[in-house]
Each structure stands twice: as structure tokens, then as C-alpha cells.
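This briefing covers a metal site and a set of charged side-chain contacts. Please read it alongside the sequence and structure shown here.

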Amino acid sequence: MTAAPGDRARSPDSGAATAHRHTAATLVVVVGPSPLPPRPLRTTARRPQNRRLSRTGTAMLPLDPSALRASLVNASRKEASDMTPPPDLGSLDWEQLDLLGWRDPKLPRRAYVVLPGHPDDDDRPRGVLLRQAEAVPRRRAQCAWCQDVTLPNDVVFYAARRAGAAGRVGATVGTLLCRDFECSRNVRVLPPLAYEGFDREAARQQRVAVLRERSRAFLLAVLGDEHAG
Ligand SMILES: [Zn+2]
């Protein structure tokens, strides 16, 4: 019996590889030295990346400063202890946040983004230390996460050192994001009535889901080989 051409595409390994390419092509720009050799297939076969990305995740649960520090996956001990929490931490409406991002009030160009726990990570919140790159995006750049075409805020280029061994040899992941991480608010703005009968609420929910997927994809790109599940 001959295998149909589609059989190969459905194998777990090639499915995971496709998801990985998709991430690299559409969501992140890898700069710096070449990444380390590809992760062993065993890891991706055990936890297919496309399955993780298909989940929409949840809103944030309240976190205190020590939980924020402990969440950082790509920060040194000193960088984590140098972190200044967001000034409005005590008054945030966490249920309206798909992620908590803020710029460090004391360290120029340094920022953080913390994502809610995910079932594949034992529901632990995970955060990424970011640095705003010197490069200035072209005018009217879009945030890669909320993709608002009428953004009320600036978009800047942020880079994150990758976690673990890849980060130690200088590999980074970069992306264009809202300067002050206004994404959760932006995607909750009710979209205009595109046509008669357009379901604006469904469109809003869809944008929330996309934001959660894209921010998680970025986290997974930063984690790379370090994502042990
Ligand atoms: Zn945004």
C-alpha cells in the first residue's frame, strides 16, 4: 500500500516543524548569533507546539512583586532583583489584562511582560525581561500582538534575550509592541460595525484570543530549548 502525499504532513514531527516555522516567519525576528542546533525532536513530539498555540488561555490573576520577579525566564538574579514593579500594581483590574507589561520606572529602555499561567506550564505565570532597541520603527508600525490599525499609542521594537544557553551566547528574539503594553485595552475596544449584521462582540473576543496566542508564542520563542513543560 502506498502512502498518500498527505500522510507525511500529518506526522507529529512535521506538524511541529510547521508550527515552528510559522512562529518564526510571522511573529518574531531572531537577531544576533545563530541559534543553537534545533531542539531534539523528542521534545516537540511529546508536546506539539501547535496544540499549545491553539489554546486561548486566560486573563491574569493578581501577582505581587516577588511573584513578578520569580516569573522572569530570561533574567539574571541581579536583573530580577533590580526590577521595579509597576507603580499601579495595587490598583490594576487584573480581569481585563491578558498580560501585564510595564516599563521599568528607574531603568531606561528596560521593560517586562508577564503572561498568565498556562496548563502546559503547571499554570505558573511566566515573564520576559525586554529591552527597547535603539532602532525606531517606521511610521504607523503595528504592534505584533494587538495589530490595531488605529493605535492610540506608540509602537517600539523590543528585544528579549533568549532563556538559558541560547541567551548566554547572545541569541535574542525581537518584536514590535505597544510601547506601554496597552494591548489588553486596545483589543477590548468594540470594533466598528464593518457591515450590517457584523458581530462586533465576537470580533472583540477573537482579538482577545489572538492577543493571548501571540504573546504566548513570543514567550515560547524566548524559552526555546529551555521549555521543559
Ligand atoms: Zn499592542
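Buried means under 20% relative accessible area, exposed means over 50%, and partly exposed lies in between. The model is predicted. By that cut-off, cysteine 146 and cysteine 183 are both buried.

**Zinc site**
- Cys143, Cys146, Cys178 and Cys183 coordinate the zinc ion through their SG atoms, at 2.3 Å.
- The arrangement is tetrahedral because the 4 donor atoms subtend angles of 99 to 125 degrees around the zinc ion.
- Along the chain, the donors are spaced as C-x2-C-x31-C-x4-C.
- Cysteine 146, in the loop between strand 4 (126-132) and strand 5 (155-161), and cysteine 183, in helix 8 (residues 183-188), are 37 residues apart and link distant parts of the chain.

- The whole structure contains 9 salt bridges.
- One of them joins arginine 188 to aspartate 98, with the closest N and O atoms 2.7 Å apart.
- This pair connects helix 8 with the loop between helix 6 (77-82) and strand 2 (100-103), across 90 residues.
- Arginine 188 counts as buried at 18% relative accessibility, and aspartate 98 is buried at 1%.
- Arginine 216 and aspartate 121 form another salt bridge, 2.9 Å from N to O.
- Arginine 216 lies in helix 9 (residues 200-223) and aspartate 121 in the loop between strand 3 (110-115) and strand 4, so the pair ties together parts 95 residues apart in sequence.
- Arginine 216 is buried at 7% relative accessibility, as is aspartate 121 at 1%.

- Arginine 204 and glutamate 201 form a salt bridge, their closest N and O atoms being 2.5 Å apart.
- The two residues are 3 apart in helix 9, which means a separation of about one helical turn.
- Arginine 204 is partly exposed at 22% relative accessibility, and glutamate 201 is partly exposed at 34%.

Notes. Residues numbered from 1 in each chain as written. Predicted model: local features only at pLDDT ≥ 70, side-chain atom pairs only at ≥ 80, totals over all residues. Heavy atoms only, no water. Donors = N, O, S within 2.8 Å, 3.2 Å for Na, K, Ca; no water. Tetrahedral: all angles 85-135°; square planar, octahedral: opposite > 155°, others 65-115°. Helix = DSSP H or I, 4+ residues; strand = E, 2+ residues; numbered from the N terminus. Buried < 20%, exposed > 50% of the residue type's maximum accessible area, 1.4 Å probe, protein only. Salt bridge = Lys/Arg side-chain N within 4 Å of Asp/Glu carboxyl O.
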